[in-house]
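My notes are below, in the order I looked things up.

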Amino acid sequence: MRAYHLETLGTVDGIVPRESARPEPGPREILVRVRAVSLNKRDLLILKGTYPLKAVPDVIPVSDGAGEVVAVGAEVTRFGVGDRVAGTYFPNWLDGRITPAQFDQPGATLHGMLTEYACLSQEAAVRVPDHLTWEEAACLPCVGVTAWQSLTGGEPLTPGRTVLTLGTGALSLFVVQFAKTMGAEVIVTTSSAAKADRLKGLGADHVVNYAENPEWGLAVRELTGGRGADLVVETNGPDTIEQSMRAAALYGQIVLLITGNPRRHGIEISNAAYAASLATIRRVFVGSRAHFESMNRSLELHGTRPVVDRVFGFDEVREAFRHYESGAAFGKVVVRVG
């Protein structure tokens, strides 16, 4: 089989293809013929050596992938040959609250999905909805589950509530889609008129241009009759948390996904923004297998499809990483494996 390995940190050229023998599943493992993988920001951070979990030497990159089960171990009960599956982001986090013992991740401390065949524990996979293509199914494990957890992991999001999400990254697009299926009013920020039209096409009720409205938190309040957003999915952290706090309702929830960047190494919120608020800040680390399965039930019920920006071939992995790193994508960047 062919697989890519991270031989050298700091450069896309350090991701190198290699041939090896096809693995055989252990007693409680499944062998997956990987059909597609998708890229996430964490894959770039791992490549650059700045991700909190350091990559093991020679790791196979990328956490997110989907494919077909082609062999099962003698003790496997959850899957059979022919099942369509995706791997989970935290293979050891099945349900409940995560613990440090469950932090291992594919593409970092474990081999990932950028390979023609992957051996997974039967506990570290979920069935994917039948209506999704391989390319769409590969988009789910990281940002799909994170978006789902952001909306469902705290105070219940009841119909008629307002959700604010920031920018047009793949996670924000999932938030728009999921929030609309829950009956929420959705507000999104962007600086692009063209992207604003596409956001409205996905279901966004309002789009705020943050370049034209630097105090966009006030614009969100105006759109909500002064109430503010009940739930803010905060995707930028240090650069936007002040305005997100000003945009939040009195008892709003702010889901904080990013806590630092190369320019700012922490979160700062002014007294003026937070003193008058009773908003709750909540952190999210993707989600468990149970969260993934819950999300999939919603995808099936509503026929929701992830937004795919561009699909690359298995020989174009480096080009896919460069395209993703450029920030030009609207939706997920996918590599078709086979």
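What follows goes from the whole chain to the sheet, then to the helix pairs.

**Ground rules.** This is a predicted model, so I keep in mind that local features need pLDDT of at least 70, side-chain atom pairs count only at pLDDT 80 or more, and totals for chains, interfaces and linings use all residues. Residues are numbered from 1 along each chain as its sequence is written, and side-chain values use heavy atoms, with hydrogens and water left out.

**Whole chain.** I find ten helices and 15 strands in the protein chain. Helices (H or I, at least four residues) and strands (E, at least two) are DSSP runs, numbered from the N terminus. I checked the radius of gyration, which is 20 Å; a compact globule of 338 residues would come out near 20 Å, so the two agree. That radius is taken over C-alpha atoms, and the globule rule is 2.2 Å times the number of residues to the power 0.38. Along the principal axes, the C-alpha atoms fill a box of roughly 60 × 40 × 40 Å.

I traced an open sheet with the order 10-9-8-11-12-13 and parallel pairing. Two strands pair if DSSP finds at least two bridges between them. Strand 10 (206-209) and strand 13 (280-283) are the edges; each has a single partner strand, so one side of each lacks a neighbour in the sheet. The twist averages 20° from one strand to the next. Strand 8 (residues 162-166) and strand 11 (residues 229-234) run parallel and are joined by three bridges, with Val-163 partnered by Leu-231 of strand 11.

Then I looked at what packs on this sheet. Helix 3 touches strand 8, strand 11, strand 12 (248-256) and strand 13, and its direction makes about 150° with that of strand 11. Helix 5 (residues 193-202) touches strand 9 (185-190) and strand 10, at about 160° to the direction of strand 9. Contact means heavy atoms within 4.5 Å. Axes are lines fitted to C-alpha atoms, for helices over the stretch in contact, and angles run from 0 to 180 degrees between N-to-C directions.

**Helix 3 against helix 4.** Helix 3 (residues 140-152) and helix 4 (residues 170-181) pack at about 50°, axes 9 Å apart. The two are therefore oblique; angles under 35 degrees count as roughly parallel, over 145 as roughly antiparallel, 65 to 115 as roughly perpendicular and the rest as oblique. For the classes, Ala, Val, Leu, Ile, Met, Phe, Trp, Tyr, Cys and Pro are nonpolar, Asp, Glu, Lys and Arg are charged, and the others, Gly among them, are polar.

**Helix 3 against helix 9.** Helix 9 (residues 289-302) packs on helix 3 at about 85°, again with axes 9 Å apart, which makes the pair roughly perpendicular. The contact includes Trp-148 of helix 3 and Phe-292 of helix 9. It divides into seven nonpolar, six polar and no charged residues.

**Helix 1 against helix 10.** Which angle do helix 1 (residues 41-48) and helix 10 (residues 317-326) make? I get about 110°, with axes 10 Å apart. Here the contact has four nonpolar, no polar and four charged residues.

**Antiparallel strands.** Last, I noted eight bridges between strand 3 (residues 29-38) and strand 4 (residues 64-72), which run antiparallel. Ala-36 has Ala-66 as its bridge partner in strand 4.
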